[in-house]
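Subject: Structure for you to look at

Hello,

Here is the structure I said I would pass on. My notes on it follow below.

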Amino acid sequence: MKPVHWLVVAVLIVVTWVSFAFLSLDLGLLLTADARAQMWKYLVSFFPPDLSAEYLARIGYGTLETIAISAIGTALAAVLGLLLAPPAAGRFGVVARAVARLILNFLRSIPELVWAALMVMAAGLGPFSGTLALALHTAGVIGRLFAETLENTPPEPTQALQLSGSRATLAFLYGTMPNVVPQLVAYSLYRWEINIRMAAILGVVGAGGLGQMLYFSLSLFQQRQALTVIIAMLVLVAIVDGASAWLRRRLVA
Amino acid sequence: MRTEAFVIHLRDPAALPRLALTTLIIVLLWPGLRLTEFDLGVLFDPRNRETMGKFIATFFPLATSAEFLRLLLTSTLETLAIATAGMALALLIGSPLALIVTRSLSISRIGPGRGFAVGRMLRLPARFILMFFRSIPEIVWALLFVRAVGLGPAAGVLAIGVTYGGMLGKVYSEILESGDTRPTEALLEAGGGRLATFFYGMWPVALPELVSYTVYRWECAVRASVIMGFVGAGGLGQQMELSMRMLNGGEVSTILLTFFLLVVLADAISAFLRKVTA
């Protein structure tokens with residue numbers, strides 16, 4: 001190691017120490033016999049998970065709600081992104097381009113969970129807020145990508161159509177869109193996959209789905225139900241992972 | 001109008017399949033609209049609009065009172081501290097597990113001895129722990145820890161430590177296994193111990209990649225610790241949640257701006273660290 005590296009290591013150690021001191025954290029306190037006993041009691045209260053038919057039915061509904069939030073949110077985002085992409089790609093002049101880019105950047109840089117908290121205030125507790133939150137954030141992500149795709153598409157087919165007398169809209173639909181649609185569909189599906197995972201946890205700020213069930217059951221000290229929700233989340237994510245890997249293999253091969 | 005649509009239809013042989021596909025998608029999404037209680041009207045409900053309008057109107061000007069700025073500075077530092085302390089904890093959890101899990105460091109793997117099966121049995125639970133830690137999202141861990149150790153930064157540090165410990169352990173072992181493993185093998189076969197082999201055979205080759213991944217994770221931890229504040233795990237997020245609850249738009253927009261600056265700063269620091277250590 002060079003002297004610079006030793007310096008970096010020393011600084012990092014000091015920074016870490018300062019962090020613990022600043023938070024006045026004493027993780028040793030968590031290891032005292034009393035704290036350990038309490039933690040153990042809390043941990044044990046999660047078992048066994050509540051697997052009664054009635055609760056499983058509610059979990060099933062929560063899972064469906066989560067999937068619906070992600071699907072509708074992503075679909076809305078695709079539509080919104082598609083509307084914002086042409087101006088962001090500079091099809092309507094420099095001003096429109098700057099404005100559209102600003103909107104897309106704004107939508108994208110606020111995390112889903114912050115959007116969710118804001119939407120819960122605007123539209124109340126429930127899945128609708130989660131849907132809007134996902135739609136807004138994802139629209140920013142998808143819109144930017146659509147815009148870049150539009151910018152990189154070869155202009156010749158569209159020009160050929162326009163030169164042979166086609167209207168601008170139709171030339172766009174039949175000259176440009178066929179080139180970009182496959183990528184748009186693939187990317188929207190990929191975002192959907194990410195959004196299912198996100199929709200499962202958005203509920204912790206009250207935006208519906210499994211997350212909201214988890215939040216409620218933990219607030220009501222129903223740890224056994226909470227464990228069931230966590231298991232449902234893990235299963236949902238595992239299924240989505242498996243399905244997407246399987247589909248990818250099939251589609252690519 | 002009808003004739004024009006008809007003409008287009010005639011010219012475009014793909015129109016019917018496209019129409020069918022679109023209809024199918026809409027039909028599939030329809031139940032989703034019911035499930036998500038989709039109702040744009042809620043947003044335009046006069047009472048809602050009034051509260052929201054008032055709230056948004058207060059977004060500007062930004063809150064700049066000295067007292068609030070002091071509070072903001074404290075929570076920003078708290079967020080950075082949570083991320084850093086959380087990463088330290090994650091390293092403590094992840095590194096030893098990574099060393100256990102890494103197959104190319106296994107001594108028993110070489111020989112035909114009985115240790116082979118035992119070694120495999122030992123790696124399995126370590127792998128399971130790593131998977132368990134990282135597959136529960138950090139915000140869920142935060143929620144659990146807030147209930148276990150109370151509101152405040154301790155929950156955030158623990159949540160980052162556990163989740164990122166799981167990720168670090170997995171990715172570290174992947175990095176160690178994907179590099180050139182011949183020096184490791186040579187050392188092990190010449191009788192080197194596990195740790196000595198790691199430090200002389202793998203460390204020199206894998207270090208830059210390990211460092212750059214760790215720094216990247218720290219950057220993620222900064223963002224995550226802001227988000228986790230929303231469930232009460234301290235830092236900037238908790239402050240934002242409070243300001244939202246009090247419908248203080250000026251404070252919310254100031255915090256959002258701080259959040260952007262913090263993300264940019266974390267990005268710059270991480271780029272700098274990677275350049276220095278590369």
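This is a predicted model: local features need pLDDT of at least 70, side-chain atom pairs count only at pLDDT 80 or more; totals for chains, interfaces and linings use all residues.

The crossing of H7(B) past H8(B) is right-handed.

On the H7(B) side, the residues that meet H8(B) are Glu138(B), Trp141(B), Ala142(B), Phe145(B), Val146(B) and Val149(B). Their partners in H8(B) include Ala155(B), Leu158(B), Ala159(B), Ile160(B) and Val162(B). By type, the residues of this contact are eleven nonpolar, two polar and one charged.

Some of these names return in the largest nonpolar core, which has 123 residues. Ala142(B), Ala159(B) and Ile160(B) are among those that touch the most other members, as are Leu143(B), Ala116(A) and Leu214(A). H5(B) gives this core its largest share, 16 residues. Leu143(B) touches Val204(A), Leu214(A), Tyr215(A) and Leu218(A) in chain A and Val231(B) in chain B, leaving aside residues up to four places away in sequence.

As for the two chains, their contact takes 41 residues from chain B and 42 residues from chain A. Several helices of chain B each supply at least two residues to it, H7 and H8 among them. The largest share on the chain B side, seven residues, again comes from H5(B). That side divides into 30 nonpolar, six polar and five charged residues.

Regards

Definitions and conventions:
Residues are numbered from 1 along each chain as its sequence is written. Chains are lettered from A and ligands numbered from 1 in the order in which they are written. A crossing is left-handed if the near helix is turned anticlockwise from the far one by less than a right angle, and right-handed if clockwise. Helices (H or I, at least four residues) and strands (E, at least two) are DSSP runs, numbered from the N terminus. Two residues are in contact if their C-beta atoms, placed from the backbone, lie within 7 Å. Ala, Val, Leu, Ile, Met, Phe, Trp, Tyr, Cys and Pro count as nonpolar, Asp, Glu, Lys and Arg as charged, and the others, Gly among them, as polar. A nonpolar core is a set of buried Ala, Val, Leu, Ile, Met, Phe, Trp, Tyr and Cys residues joined through C-beta atoms within 7 Å. A residue is buried if 20 or more other C-beta atoms lie within 10 Å of its own, exposed if 12 or fewer, and partly exposed in between; C-beta atoms are placed from the backbone.
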